[in-house]
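Biologist: Please take a close look at one chain here, and then say what surrounds it in the rest of the model. Plain terms will do.

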Amino acid sequence: MRKIISILAVIAAGALTSVNLAFAVFTIEIDEGVVRGIPIAIVPFGGDAADQFLRSADRIISDDLTRTGRFDPIGEDQHLSKPTSAEEIRFVDWQLIKADYVLIGRVESVEDRVGNFRIITRLYDSFEQKQVFGVQFIATADQMRVIAHRIANAVFENITGQKSSFESRIVYTTTIPNGASGAAEHVLYVADYDGFGPQVVLRSEYPILSPSWSPDSTQIAYSELRSSGARIYIQTVATGERFEIDTPQGHNSAPSWSPDGQRLAFANLTGGNSDVYIYSLKDNKITRVTNHRLIDTEPSWSPDGKHIVFTSNRGKDPQIYQALARRDAATKRVTLDGRSNTAAQYSPSGDRMVVITDQGRGSQVGIFDFKSRGIQVISSTTLDDSAKFSPHGDMLIHVVEGKDRYIKILSPDGRVQTRIPVADGLVKQVDWEKSPQ
Amino acid sequence: MLASGRLFGVIIFLMFILVGCSKPMDGDSSDASADAPDTEASDSAGAEEDSVLVEMGLDESADESDEMNPLDQGAVYFDYDEATVSEQAQEIIRAHAEVLVQNPGVTLHLAGHADERGTREYNLALGNERATSVSSFFQQFGVDSSRITAVSFGEEVPAVMGADEESWALNRRVEITHDLMQ
Amino acid sequence: MVNRKKSRKFVGRSVTLALLVHAAIIFVVGVSIIFRQEIMHETVDSDVTPVNAHAVDEAEVIAEIERMQLAEERERAERIAQQEQLELALKQQKEAERLAREEQQRLAAMEEQRLEQEEALRQMEEQKRQAQAEIEAAEQQRLEEQQRIAEAEAERLRQAEELRQIEEQKELAQAEFEATEQKRLAELRQAEEAEARRLLEEQELQALEDQKRQAQAEIEAVQQQRDEQQHQSEIEKQKLDEEIEAKRQVALELAKREQLEEAEQQQELERQQELERQRLAAEQEQREFEERAQQARLKKQQEQLAREELLRQQEEELLRKQEEERLQEQLRRERLEQRARSEFSRYIPQIKRKVEDAWIESPNSEGLFAVLEVEINPVGEVQAVTVFSSSGSLAFDRSGTIAVRKASPLPIPKDRELFQYFKRFRFEFSGAPQ
């Protein structure tokens, strides 16, 4: 008993002393940062094989990072040193030019089964003066772009904590006014997200409309516009094989895959009417979702597969409406702002939608926020069409119509807008792969 | 402060009354003028088409004649994001319909188009709406629906390439084709 | 006074009446407008081509209107030429009538205005008086308010003083508590030592007792021996007697031996007695020795106690001094900390701005919260940044760390004495909504 008391006394005494000695640590609240790209220096890669491989790697990496709006690469002309290995790094050089991060790399020739180049790359935090990551690849020369995108992805993921879409593909349609036969030719291309490596998937005498990637990235659905009406096809990218789906009479267009890949929403036009339907790929059954005498078109699925948003002019101006993905669903209007809002697509996270909005300046890309219910215009052009989110929501893509037609990639806040090259002809519509390999 | 606020409210209300009173008085004249520009708008659209034709070096004689034969018009034009058929367009349709009624064996083909503004799928639906509107006027003027085919090409087949109001006006159209056209 | 009241009442009543009439008029007009608008809406709705209205080109409308206006103008000019003279005459007559009417109205209006002005003057007077009264009342109130504030301030000061006293008492009590606690602990220690000593003494006493017991046993053994010897001698005497009886014939010869034997016996007895005496003396000596030893031990104990007491007193003195020093040190530190706090808080906005300018916030950081601890040198240069509490997002934490690093050197107070208080402090980074 006496012991316990004495122990208690010791504890009490100890507690009192510690209270007397400690003082409250000063705290400063930081709640308003600046919105801009993170300054990063991407040093051209060194090593004995740098010239044969990855000559433009720093350029590819820099472009990837810039397009997201999250990074602001510092030009090579401002670099004070050109390190290519860990020993050559002098952090003060990078602190001086205010580069938060520095990426360096080397390319060496090796004898390996997998490839004859070894690429070693390291990212440094120049203010904490430590390495963020270091990776190495063994590759062949033709894998150059893939490796560069992969390095950019590693940088993006390590710094932002989010995944990038640098290794994804896009599909787009073009019209060549005077094709091989002299008549107009319509082409469906698949390319890297940045427009490189375009591959022809389909050449057609008929206009190709609304290409849509299947969720597993193996197939593309689209419609072909014939004088007898539009027809929906599903084509396997790898083989080029395609089949027409069994749709009702009239124009059938605007195919959109359900997230589980089992169903296809589309619009059917008969008489002056246009409604949204669902086609089941499992049993070829068709379900009518909307039934309105005016236009209902451009269906798009919510990420959970429960809802479909579509464009309707039932309220005079075309606006976005939402319905449950089932027969004769009740509909409710979603967008309220602007002269018109059309062609909605959910963001991968489902909390936003990208729309083509007319706020009085023409057709522009807008982001609708389900929480605030407001629309933020993010494009600077005014003849925009076919706007889509990247698979990870880190970028958006859209077509600019008018005299000079092209594809543009936007950062989600619209701060960065970059044009990407198009293979041939006048570009019309674009879609971004949903699950990159 | 409160009193002045109320006073201000009364003033606003009185102004509203004045505006409201003036509106119905103007009503008749505005109704009358609403019809007039419509025809003028269509005329100008026709004129634009002529000018385009001139540029293309096709037909200059059409420019000489004051009175145009409606049957020379192979298309009717629409306002932006509209499928409503104007009175002038109705006249053109009537002229074609009269010929068709006299020649029962001839079939009629209607193709709806839109300008490049707005999304492609919406424009496909809009072209369809336009073709259907024109079709219903043909039926009203005595052409049997079985003789009419109506399709839409959306914005896929523009009549004129160009990203300006003149080009767009010419692309918002329903093309009328049948064997009896000159 | 009464008159004025009445007249005001009258004015009030007539104003109410006028308002009612106006309201009625407005209502009627309003209703008729709404009605007209409804009709208009209907006509628009029934129109099959509502779009036409939208299709109108504004320039064209204006042109059309202008054209129509021109036609009207021409027509009107003709009419005017025909009717000009007639109208002129009519107009002149009407003008004369209108002038007369206006003059009358003007006079009436002037009269009315004059009356109104008088009324207004009266009202102003009244208002002035009221305002004066109000000002006085306000002044009074202000004075009272000041009084109240002064009292409240006094009260606040008194309470602050009390609080301070309570705080002091609390500190004193604390000090006392600690002192008594120390004392109590010392006492406890002493008691434990005393107990140990007592146990030791008990053991010693036990040992002495044992010795005594052993001596007693020895004495008893000697006694027993002596008893046995006595018994033996008795037997021997008996044997002698028997021998005397048996050898009666040699009694005479033996008489002498008998006497000798008796003498021997006497001698033995005396020896025995001498032994006993010796034993008793030894016992006495032993007792005396023990007494002396006991006395010496007691003395030693007393001396030891005195020494301990002295030591204890010295120790207590030392403790008291230390405690005093500690309290003084604490007070000094508290004052310094207070000064550091007020000095540092003047620099917070500058530090905040510098760090926020350097912080590139990621667009989806809403709801993230990280606490970073920074260590600086006396000129404000950042020496180390550690994540004290992570936001859960490595990227977010790192964006904060880099911002703090980039903001180096941080603007801090120049006073070196205070430096220890902010050589380490924290930043709370919270992600803003998009």
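Modeller: In chain B of this predicted model, 75% of the contacts between residues at least 6 apart in sequence join residues at least 24 apart. The chain contains five helices and four strands. Of the 182 residues in chain B, 36% are buried.

Helix 2 of chain A covers residues 57-67, and eight of its 11 residues are buried. Those eight are A57(A), D58(A), I60(A), I61(A), S62(A), D64(A), L65(A) and R67(A). The cover over them comes in part from strands of chain A, including strand 2 (38-42), strand 3 (71-74) and strand 4 (101-109). Helix 4 (144-160) also takes part, as do strand 28 (406-410) and strand 29 (417-420) of chain A. After helix 2 of chain A comes G69(A), with a positive phi near 80°.

Chain C is a matter of confidence. Its mean pLDDT is 81, and 86% of its residues are at 70 or more. Strand 1 of chain C (residues 369-376) has the highest confidence in the chain, at a mean of 96, while helix 2 of chain C (residues 51-55) has the lowest, at 40. Residues 35-56 of chain C have pLDDT below 50, and this stretch has 20 contacts beyond near neighbours in sequence. Residues 1-6 of chain C stay under 50 too, with one contact beyond four places in sequence. For the model, ipTM is 0.87 and pTM is 0.62.

Key:
Residues numbered from 1 in each chain as written. Chains lettered and ligands numbered in written order. Predicted model: local features only at pLDDT ≥ 70, side-chain atom pairs only at ≥ 80, totals over all residues. Helix = DSSP H or I, 4+ residues; strand = E, 2+ residues; numbered from the N terminus. Buried ≥ 20, exposed ≤ 12 C-beta atoms within 10 Å, placed from the backbone. Contact = placed C-beta atoms within 7 Å. pLDDT = per-residue confidence, 0-100.
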